Amino acid sequence: MQDWFTVEMIDADTYAISEYVHWEEPHCYLICGAAYALLIDTGLGVADVRSVVNSLTALPVLAALTHAHWDHIGGCAAFEAVAVHEVERDWISGRFPLPPEMVKRNLTCRPCVFPETFRPADYRIFSGGPQHLLHDGDGLDLGGRKLSVVHTPGHSPGHCCFYEEERGYLFSGDLLYVGKLDAFYPTTDPRRFWRSVQKVRKLEFSRILPGHHTLDIPTGFADAVERAFSELEEQGMLEQGNGIFDFGAFRLHI
């Protein structure tokens with residue numbers, strides 16, 4: 001398990017828990033207040049993320065999802081309290097929009113040395129139902145630390161970012177990361193994605209903490225992504241099925 005997860009300290013009570021071994025390179029973020037801890041996303045579910053969380057904090061933990069895609073909900077079963085945006089409640093209640101076979105293909109489509117205790121054939125999509133529902137503008141008070149929920153649909157209908165104004169942190173999920181930003185699935189919407197990027201650009205943040213890949217992202221990255229969407233709109237290309245567009249540090253799959 002120690003070889004599977006990488007723990008990086010963002011500050012004294014904020015941690016990135018990453019699965020760099022897998023091609024998706026997803027991140028979870030543990031945010032500790034005085035009374036509670038928030039775990040943003042729970043990863044792939046092929047190793048025990050709860051043990052890592054327990055090694056970092058003894059606080060009660062709420063697992064809050066940026067969105068209910070398979071690579072972010074895998075460890076939810078290990079937590080007593082799970083929160084997701086209200087429009088994706090069914091996705092973790094037995095109505096996940098992709099068949100299990102497709103999820104397993106995505107999980108194993110590239111070479112990966114999985115933990116010895118994990119068998120891909122036994123992999124199951126989490127289904128347990130949320131204990132809490134998130135809405136745009138909700139506040140999460142951890143005791144001495146407050147975050148707000150920012151509904152940012154486009155990559156998925158209920159995608160959310162989490163914003164900590166005091167420290168200037170934007171936990172951006174799959175809205176902003178260095179890599180291929182996806183808005184081509186049937187459940188995605190390129191124009192809503194674009195509007196969501198415009199929405200978070202209005203926030204004052206000093207650090208973007210993404211859902212995948214490198215943690216080293218310049219604060220101007222959101223501006224660059226917004227310009228890319230604007231260019232595609234001007235060219236009449238912001239329609240699903242038009243392909244992958246390369247903008248250097250990132251690509252848009254429309």
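**Aromatic pairs, salt bridges and strands**

Guide: Trp4, Phe114, Phe118 and Tyr123 form one aromatic cluster. This is a predicted model, in which local features need pLDDT of at least 70 and side-chain atom pairs count only at pLDDT 80 or more, while totals for chains, interfaces and linings use all residues. Residues are numbered from 1 along each chain as its sequence is written, and side-chain values use heavy atoms, with hydrogens and water left out.

Visitor: How many aromatic pairs does a search of the whole structure find?

Guide: Rings of Phe, Tyr and Trp (its six-membered ring) pair if their centres lie within 6.5 Å, and planes under 30 degrees apart count as stacked, over 60 as edge-to-face and the rest as tilted. With that criterion, the search of the whole structure gives a total of nine.

Visitor: Are the rings of tryptophan 4 and phenylalanine 114 stacked or edge-to-face?

Guide: The ring centres of tryptophan 4 and phenylalanine 114 lie 5.8 Å apart. Because their planes meet at 25°, the pair is stacked.

Visitor: How many residues apart in sequence are the parts that this pair ties together?

Guide: Helices (H or I, at least four residues) and strands (E, at least two) are DSSP runs, numbered from the N terminus. Tryptophan 4 belongs to the segment before strand 1 (6–11), whereas phenylalanine 114 belongs to the loop between helix 3 (100–108) and strand 7 (132–134). The pair therefore ties together parts whose separation in sequence is 110 residues.

Visitor: Is phenylalanine 114 buried or exposed?

Guide: Buried means under 20% relative accessible area, exposed over 50%, and partly exposed in between (1.4 Å probe, protein chains only). Tryptophan 4 counts as buried at 3% relative accessibility. Phenylalanine 114 has a relative accessible area of 16%, so this residue is buried.

Visitor: Which residue does arginine 50 form a salt bridge with?

Guide: A salt bridge is a side-chain nitrogen of Lys or Arg within 4 Å of a carboxyl oxygen of Asp or Glu, and the structure holds 14 salt bridges. For arginine 50, the closest N and O atoms of the pair are 3.4 Å apart, and the partner is glutamate 80.

Visitor: Where does glutamate 80 lie?

Guide: Arginine 50 lies in helix 1 (residues 49–56), and the pair ties together parts that are 30 residues apart in sequence. At 18% relative accessibility arginine 50 counts as buried, whereas glutamate 80, at 60%, counts as exposed. The place of glutamate 80 is the loop between helix 2 (70–73) and strand 6 (82–85).

Visitor: How many residues apart in sequence are the parts tied together by glutamate 233 and arginine 191?

Guide: Glutamate 233 forms a salt bridge with arginine 191, with the closest N and O atoms 2.9 Å apart. Because glutamate 233 lies in helix 5 (residues 221–234) and arginine 191 in helix 4 (residues 190–201), the parts tied together are separated in sequence by 42 residues.

Visitor: Which residue's side chain does the side chain of histidine 27 make a polar contact with?

Guide: Histidine 27 is found in strand 3, and with a relative accessible area of 1% this residue is buried. A polar contact is a pair of N or O atoms within 3.5 Å; within protein, one must be able to donate a hydrogen and the other to accept it, and residues adjacent in sequence count only if both atoms are side-chain atoms. In the contact made by histidine 27, the distance is 2.6 Å and the partner is serine 18.

Visitor: What is the phi of histidine 213?

Guide: Leaving aside neighbours within four places in sequence, histidine 27 is in contact (heavy atoms within 4.5 Å) with several residues, among them His213. Histidine 213 lies in the loop between strand 13 (207–210) and helix 5. Although histidine 213 is not a glycine, its phi is positive, at about 65°.

Visitor: In what order do the three strands form an open sheet?

Guide: Two strands pair if DSSP finds at least two bridges between them, and three bridges join strand 14 to strand 15 (residues 251–253), which run antiparallel. The edge strands, each pairing on one side only, are strand 12 (180–182) and strand 14 (244–246). The pairing in this open sheet is mixed, and the order is 12-15-14.
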